[in-house]
Amino acid sequence: MSGGVSRGGYDAATKTFHSKRPPVPLPPNESLDITTFISARPHRSTTALIDASTGRRVSYTDLWRAVDSVSHTLSSIYGVRKGHVVLILSPNSIDFPIVCLSVMSLGALITTANPLNTASEIAKQVGDSEPVLAFTTRELAPKLADSGVPVILLGDADADGGGDSGKSIENVRVISSFEELMKGEVADDKIDAVRREKVRQDDAAALLYSSGTTGVSKGVVTSHRNMIAMVQTIIQRFKVDEGSDSNTFVCTVPMFHIYGLVAFATGLLATGATIVVLSKFEMNDLFVAISKYNVNYFPLVPPILVAMVNHADQIKKNYNLSSLRNVLSGGAPLGKEVIEGFVEKFPNVIIMQGYGLTESTAIGASADTLEESRKYGTAGLLSPSIEAKIVDPESGVALGVNQTGELWLRGPTVMKGYFKNPEATASTLTSDGWLKTGDICYIDEDGHLFVVDRLKELIKYKGYQVAPAELEALLLTHPQIADAAVIPFPDKDVGQYPMAYVVRKAGTSVSENEVMDFVAKQVAPYKRIRRVAFAESIPKNASGKILRKDLIKLATFGSKL
């Protein structure tokens, strides 16, 4: 950095903010995949994964043995090769990381799907990504009916008895079970043969679907280098090279999401941590798991932290949380009242916060101590090796300290681009590597990032991203709707939920419930419209763009008593 860099990391000459944290080292070997990188690291704990519901444990030795077996079978029996796409449609499980690590070790791309998505939503992803193979559970397999994608069943595939029972799932091409994939022992020379296709750091490793900055779902291509840089950031954040004891994390965040994938299905395994996996979120099961397995770290979203503050006395009475040292909050910055309420109720637990995007491999900024989190409203300091600019979205001019504009990020975790979508890539990534985040932010004189608004029109419901444009297009297919707009409506329990403004066609009388039911039948539960207002017209600017801010003000003002 030049001599003109301020204490907050701002270089006035280049109008660039630099991270104040030490940079992450990247391995010089260009021929390296994320799986090999993680498996080569020392592991302080003997146990890698624990199934919270059954107590089943997977040691690090067994984890890597399973990854070798699965990758060998995928390559030698099913012909999975470098550049192929493999889909996983599953709730959290201790098999999820094994699938991901096996696929990526071959140079194939893992693409994840939300189990809550409808069959038609999943069909769109299948049509775009063209997977050669899919892993899913017996319960979710019908969502892949008629896709033609060969399916390997996870979990208790033979619940009905008989090894071929899964093949009776109607219109689903079941070819094997995960259990079968892991049965055979693999000799070392065969493992080498499986990985004979060189995988380079710049090769694609994952394909996660994000609404990006426009609200239209696109495949984000994440490279092995992106993931290695992410792992190095996690290692530095949790200081695992400083002789700390083995850490235990509880995983409730979905592994299909970028946060869950990079933390629990890959990154934390590089730290030698033990990961306690819950297949679904249920408050009682969660706190029982924290108590039973002496969990130290609990990643969560703000509504859960608020619930812990509101019900602290009951929680502390019924569960032993003495092992808990840190909660890691993401999705939205925490306010002063929430932070101080949590500190008062749980004085021995440190709050950490983070900011990231699918496009930045979940890396961007973080608050790693209570002192940093107490800079109220901040998302934290820029992550290691990350640069930022604050850019005026109208003029494109880079701004300075405490000035508000669109956040641009650059660094080793920034995606390769959008899958088969050069136009979207060109509009989001600049030629010199800057990622336009679509978030309106400022960075203060101490280098703390504050997210104040969103350019991208995404609704955050319980941490899930909901694209208004998708719901609007669906509403316009209703025979009695002439026009529609969808906005985020604030809610203290879920963050935001989708609200629709609807213009009825002349002479029709569609009701609020009919509108909500129409949408509910066609989308995942988290995308449902939960409030409807009828209007004479939808406010738009001269170019026809919906003036959502006007509708948000109207809805919010009208909701006040």
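This report covers the salt bridges of a predicted model.

Local features need pLDDT of at least 70, side-chain atom pairs count only at pLDDT 80 or more, and totals for chains, interfaces and linings use all residues. Residues are numbered from 1 along each chain as its sequence is written, and side-chain values use heavy atoms, with hydrogens and water left out.

A salt bridge here is a side-chain nitrogen of Lys or Arg within 4 Å of a carboxyl oxygen of Asp or Glu. The count comes to 18 salt bridges. Three of them are listed below.

| Pair | N to O distance |
|---|---|
| Arg 21 and Asp 368 | 3.8 Å |
| Glu 30 and Arg 225 | 2.7 Å |
| Asp 202 and Lys 416 | 3.5 Å |

Helices (H or I, at least four residues) and strands (E, at least two) are DSSP runs, numbered from the N terminus.

Arg 21 pairs with Asp 368. Arg 21 sits in the loop between β2 and α1, and Asp 368 in the loop between β17 and α13, so the pair ties together parts 347 residues apart in sequence. Both residues are buried (under 20% relative accessible area; exposed is over 50%, partly exposed in between, with a 1.4 Å probe and protein chains only).

Glu 30 bridges to Arg 225. Glu 30 lies in the loop between β2 and α1, and Arg 225 in helix α7, so this pair links parts 195 residues apart in sequence. Glu 30 is partly exposed, at 30% relative accessibility.

Asp 202 meets Lys 416. Asp 202 is in the loop between α6 and β10, and Lys 416 in the loop between β20 and β21, so parts 214 residues apart in sequence are tied together. Asp 202 is partly exposed at 41%, and Lys 416 is partly exposed at 39%.

Salt bridges with shared partners also join Arg 7, Lys 375, Asp 444 and Asp 446 into one network.
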